[in-house]
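This report describes the surroundings of the ligands and the aromatic contacts of one structure. Please keep the sequence and the model at hand while reading.

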Amino acid sequence: AGMAAPRLNLDGDVIKPLKICMIGAGGFIGSHLCEKLMYETDHSVLAVDIYSDKINHLLQPGQKWSDRIEFHKLNIKNDSRLEGLVKVSDLVINLAAICTPADYNTRPLDTIYSNFVDALPVVQYCRENKIRLIHFSTCEVYGKTIGSFLPPGHPLKQDPAFYMLKEDETPCIFGSIDKQRWSYACAKQLIERLVYAEGAENGLEFSIVRPFNWIGPRMDFIPGVDGPQDSVPRVLACFSNNLMKGEPLKLVEGGKSQRTFIYIKDAIDVVQRMIENPSRANGQIFNVGNPYNEVTVRELAELMTDVYCKVSGQKRPEQATIDVTGMEFYGPGYDDSDKRIPDMTIVKKQLEWEPKTSLYDLMESTLTYQHATYAEAVKRSMSKTTVN
Ligand code: NAD
Ligand code: UDP
């Protein structure tokens with residue numbers, strides 16, 4: 001058989017196979033990144049996580065990539081094997097974190113430890129062994145927009161200078177300490193500052209990624225099916241669960257907050273570009289989102305209801321949504337980001353990348369997956385609860 005032409009990066013250099021230590025590889029983003037690397041590249045992955053359910057399909061023996069992926073079941077909090085895995089790698093990607101908002105105000109200690117303390121040794125091992133690091137942060141480090149402090153209806157709210165989030169200009173604005181929602185954002189901000197300082201003072205080669213609401217198949221869990229009955233996942237899984245149960249979608253504080261959603265597969269493309277273009281990615285902080293897919297949470301609920309009815313053949317419920325307070329839904333200490341539009345200048349310039357998929361299209365493929373994967377199990381779990 002003829003040899004396939006070598007793949008080239010954005011500067012025309014041949015891409016050499018890398019050994020990548022991916023921490024948090026069993027999560028939502030990790031599972032998609034592992035798929036991409038196995039299906040479309042020659043890179044190898046040391047996949048570190050406590051769980052492997054979302055990547056088990058890649059770990060079955062006898063597939064053409066089987067010698068390029070190895071699962072290491074370990075908790076990075078307390079496992080000395082981590083350093084050895086970092087040392088033998090060309091690149092570390094750290095995705096491990098507690099990152100569901102329902103945890104930030106109810107488990108603030110776990111949130112801070114997970115996002116800061118547990119990430120510290122990873123940064124240190126990379127610095128000591130001169131290993132490149134791609135660290136996953138969050139758009140939430142921006143906190144609230146400057147415009148959110150203007151009175152309602154103020155004309156400057158329409159001025160992008162008051163809401164557009166730019167990596168190298170926008171300040172990080174969090175609520176008071178008793179608003180424990182911000183424990184996550186604050187821990188992520190401090191680990192970003194530490195990684196950045198390791199770059200500046202000690203020459204660590206790093207990139208920081210700030211995802212803006214990446215969504216798609218395999219995100220989180222459906223309560224009572226493949227996750228705890230009383231846990232609250234992120235909004236995609238909450239609304240999917242409500243739709244499959246035929247109950248109204250709960251809008252926190254009227255669903256007035258705004259978000260921009262990006263399809264996971266678009267976002268994974270740019271992570272691959274970061275991996276394969278170190279000279280363009282090192283030293284950078286990247287917003288990664290889709291600025292064109294902005295909706296209020298209320299609009300998201302309406303859209304998801306329409307799309308779910310289309311893909312499932314279910315009839316549209318009379319009452320699609322119901323308003324709840326943040327206190328009722330998340331408990332004390334909840335607060336919210338008002339609006340999140342990523343400025344895309346840096347990622348576009350450095351990595352020549354733009355998102356492609358519209359909100360409607362990404363919702364159609366995601367809800368088709370949710371319906372096929374969960375609808376039957378949700379019905380079964382509901383009939384069980386009625387009998388008991
Ligand atoms: P996820 O919860 O699906 O994945 C995180 C994975 O890390 C999980 O599989 C978990 O088991 C693992 N993990 C956590 N603690 C660990 C530990 N101590 N030892 C070993 N493994 C551990 O979340 P995700 O959506 O894939 O997010 C990945 C990263 O991206 C996180 O750092 C998150 O803060 C960031 N992020 C994601 C989004 C998004 O839109 N999905 C938005 C902002 C930030
Ligand atoms: N939200 C909601 N109903 C739900 C779940 C979430 O109204 O059932 C809202 C939440 O208050 C926030 C937005 O949806 O304004 C997005 O929440 P998510 O948990 O996905 O994470 P965030 O974008 O806040 O990090």
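## Aromatic pairs

Rings of Phe, Tyr and Trp, the last by its six-membered ring, are taken as a pair if their centres lie within 6.5 Å. In this predicted model, the count by that rule is eight aromatic pairs. One of them joins Phe 329 and Tyr 330, with 4.8 Å from centre to centre and 85° between the planes, an edge-to-face arrangement. Tyr 330 also pairs with Tyr 334; here the centres are 3.9 Å apart and the planes meet at 20°, so this pair is stacked, because planes under 30 degrees apart count as stacked.

Phe 329, Tyr 330 and Tyr 334 together make one aromatic cluster. Phe 329 has a relative accessible area of 22% and is partly exposed. Tyr 330 is buried at 14%, and Tyr 334 is buried at 15%.

## Charges over rings

Arg 181 lies over the face of Trp 182, 5.7 Å from the ring centre. Over the ring of Tyr 163 sits the charged end of Lys 339, at 4.7 Å from the centre.

## Surroundings of ligand 1

Ligand 1 is surrounded by 24 residues, and the closest are Phe 28, Asp 49, Asn 75, Tyr 184 and Trp 214. By class, this shell holds 14 nonpolar, seven polar and three charged residues. Helices α1 (28-40) and α7 (182-202) each contribute at least two residues to the shell.

A polar backbone atom of Ile 76 is 3.0 Å from a nitrogen atom of ligand 1, and one of Leu 95 is 3.1 Å from an oxygen atom of the ligand. Arg 234 places a polar side-chain atom 2.9 Å from an oxygen atom of ligand 1. On its own, ligand 1 has 820 Å² of accessible area, of which the protein covers 90%.

## Surroundings of ligand 2

Around ligand 2 there are 19 residues, the closest being Lys 250, Arg 259, Tyr 334, Asp 336 and Arg 340. The shell divides into 10 nonpolar, two polar and seven charged residues.

Oxygen atoms of ligand 2 lie 2.6 Å from a polar side-chain atom of Asp 336, 2.7 Å from one of Arg 259 and 3.0 Å from a side-chain N or O atom of Asn 213. Two or more shell residues come from each of α8 (235-245), β9 (249-252) and α12 (326-330).

How values were computed:
Residues are numbered from 1 along each chain as its sequence is written. Chains are lettered from A and ligands numbered from 1 in the order in which they are written. This is a predicted model: local features need pLDDT of at least 70, side-chain atom pairs count only at pLDDT 80 or more; totals for chains, interfaces and linings use all residues. Side-chain values use heavy atoms; hydrogens and water are left out. A residue is near a molecule or strand if one of its heavy atoms lies within 4 Å of it. A polar contact is a pair of N or O atoms within 3.5 Å; within protein, one must be able to donate a hydrogen and the other to accept it, and residues adjacent in sequence count only if both atoms are side-chain atoms. Accessible areas come from the Shrake-Rupley method with a 1.4 Å probe; for residues, only the protein chains shown count as cover. Helices (H or I, at least four residues) and strands (E, at least two) are DSSP runs, numbered from the N terminus. Ala, Val, Leu, Ile, Met, Phe, Trp, Tyr, Cys and Pro count as nonpolar, Asp, Glu, Lys and Arg as charged, and the others, Gly among them, as polar. Rings of Phe, Tyr and Trp (its six-membered ring) pair if their centres lie within 6.5 Å; planes under 30 degrees apart count as stacked, over 60 as edge-to-face and the rest as tilted. Buried means under 20% relative accessible area, exposed over 50%, partly exposed in between (1.4 Å probe, protein chains only). A charge sits over a ring if NZ of Lys or CZ of Arg is within 6 Å of the ring centre and within 35 degrees of the ring normal.
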